[in-house]
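Let's take a walk through a protein chain together. Have a look at the sequence and the fold, turn the model around a bit, and then read on.

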Amino acid sequence: MNVVIFSNAPIKRITDALNLPFSPKEGWVSAAIAMLQTVECNIFYVFPQRKTKEVIKGKIENIQYYGYPKTKRYDWEFEESHQRIFEEILNEIPQIDVIHIMGTEYGHSLSAVLAAESCGEINKVVISIQGMVSVYAEHTYANLPISVLKSWTIRDIIRMNNPIKAKQTMELRGTYEVQAIQKVHHIMGRTDWDRACTMEINPSAEYHFCNETLRPEFYVGEWNYEKCRKHSIFMSQGYNSIKGMHYMLEALNIIKRFYPDVKLYVTGTSPLSRNWIEKQKRSVYVNYLEKLIRQYSLENSIVFLGSLNAEEMKEQYLLANVFASPSSIENSPNSVGEAMILGTPVVSSDVGGVKNMLTHNEEGFLYQHDAPYMLAFYAMELFENKEKCFEFSKNAKQHAKTTHDANQNLSALIDIYRSIAQKNREVDKDGK
């Protein structure tokens, strides 16, 4: 099959070939494409590339790639010029079977849909859902105080991106997302949440189920209670309000009263600074995190880990007594899947599609997202109960190995591609 894939970033093989920086966040896409390469599938991979003024073309094994220029300031912005570029790309690819658009969070997804429609290929488009900005926008405030929502730093003014403006931006991105979903005939998802959200937007689209495959590093290794840092919590990221770092700090304040030696490990740089200039270079939200850390005297209870690659992330999961995901909204967070497949005991907010990943009190703990006292309670339950840690670890690994089974997920993806291709061949044969 000839499969065109529109993605948000280049995969590692392409960044290595072009000497470009690679984002660890896109590691799961690289893993998915690597799996696709193992079957009879010609891949035409299209991605945004800021450092170019024209389309960059090349080929690596069975991947023909196209890096198209980003001319606007923000990656999420909708650019009409992209539709023309995508039309040219689609017109030069022979006998397209499937056009797979990975995610709907950015304006280029709508451009890809419009290009496919213009080229008469809209029936071949399938959009796979990652997050959904049109829905996430409703959850960005995450119970932040009004004083924080209305504040600005110099950084926020330059980027026009304080909390209120960020919500408005996400709502605008959501309009592109809704338009894209409304036009296609095929949606790919993996949770009750993304099915409910897309069905509301486009009830006539066919929904295809396919779980996600994790980065390959997480299929090797196993959490061991005896080797973990006791009374420690790992959180994979925290500088976006949706990820709920402020909830985590409230919970940590409670936990510290009972476990004074508790340590939170989190990626990113420390927000602790008394330098006014440094504060203005940060977002209002990060400054709020600093305020909470100082207010609760948590300076010595948090370790900021900087930017981590997949292997370094895995090490933190394996060292943690508990993994926490306090987000205000998610679809199916890869971080929870990574923790589960390694066997790290999980405490997660019960948001979006998380309940499709993890069963409460059997494979981990789920709690109401805006109840940080319950996050604290469940984390301490795991600190206290060694047997519960063993139970969750065993059950979570078993569930995650099914959810994230690479071969099974590849088979499901290929079946979806074949189904879409077959439907279009039947339409062409009937002349309808």
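Which residues of helix H3 (residues 80-92) are buried? They are His82, Ile85, Phe86, Glu87, Ile89 and Leu90. Here, buried means under 20% relative accessible area, exposed means over 50%, and partly exposed is in between (1.4 Å probe, protein chains only). Helices (H or I, at least four residues) and strands (E, at least two) are DSSP runs, numbered from the N terminus.

Before going further, a word on where this comes from: it is a predicted model, where local features need pLDDT of at least 70 and side-chain atom pairs count only at pLDDT 80 or more, while totals for chains, interfaces and linings use all residues. Residues are numbered from 1 along each chain as its sequence is written, and side-chain values use heavy atoms, with hydrogens and water left out.

**Around H3**

So what do the buried residues of H3 pack against? Their neighbours are S1, S2, S4, strand S5 (98-102) and helix H4 (107-118), where a contact means heavy atoms within 4.5 Å. A handy rule for looking at helices: an α-helix has 3.6 residues a turn, so residues three or four places apart point the same way.

Now look at strand S2 (residues 42-49). Seven of its eight residues are buried, so S2 is largely enclosed by the rest of the structure. Two strands pair if DSSP finds at least two bridges between them. S2 pairs with strand S1 (residues 2-6) in the parallel sense, over five bridges, and Asn42 of S2 is the bridge partner of Asn2. S2 also runs parallel to strand S4 (residues 63-69), with seven bridges joining the two.

**The whole chain**

Zooming out, you'll find 17 helices and 14 strands in the chain. The C-alpha trace spans about 70 × 50 × 40 Å along its principal axes. With 432 residues, a compact globule would have a radius of gyration near 22 Å, and the chain has 22 Å, which agrees. That radius is taken over C-alpha atoms, and the globule rule is 2.2 Å times the number of residues to the power 0.38. Of the 432 residues, 59% count as buried. Among contacts between residues at least 6 apart in sequence, 70% join residues at least 24 apart.

| Residue | Relative accessible area | Class |
|---|---|---|
| Lys314 | 9% | buried |
| Pro372 | 8% | buried |
| Asn143 | 54% | exposed |
| Met160 | 40% | partly exposed |

Lys314 lies in helix H13 (residues 310-319). Leaving out residues up to four places away in sequence, Lys314 touches Glu217, Phe218, Val220 and Leu342.

Pro372 sits in helix H15 (residues 372-384). With residues up to four places away in sequence not counted, Pro372 touches Tyr247, Glu250 and Ala251. How many Å separate the C-alpha atoms of Pro372 and Gln83? The answer is 45 Å, for two residues 289 apart along the chain.

Asn143 and Met160 are in loops. Asn143 is found between helix H5 (133-136) and helix H6 (146-149), and its phi is near 60°, a positive value in a residue other than glycine. Met160 is placed between helix H7 (154-159) and helix H8 (163-183). Though not a glycine, Met160 has a positive phi of about 50°.
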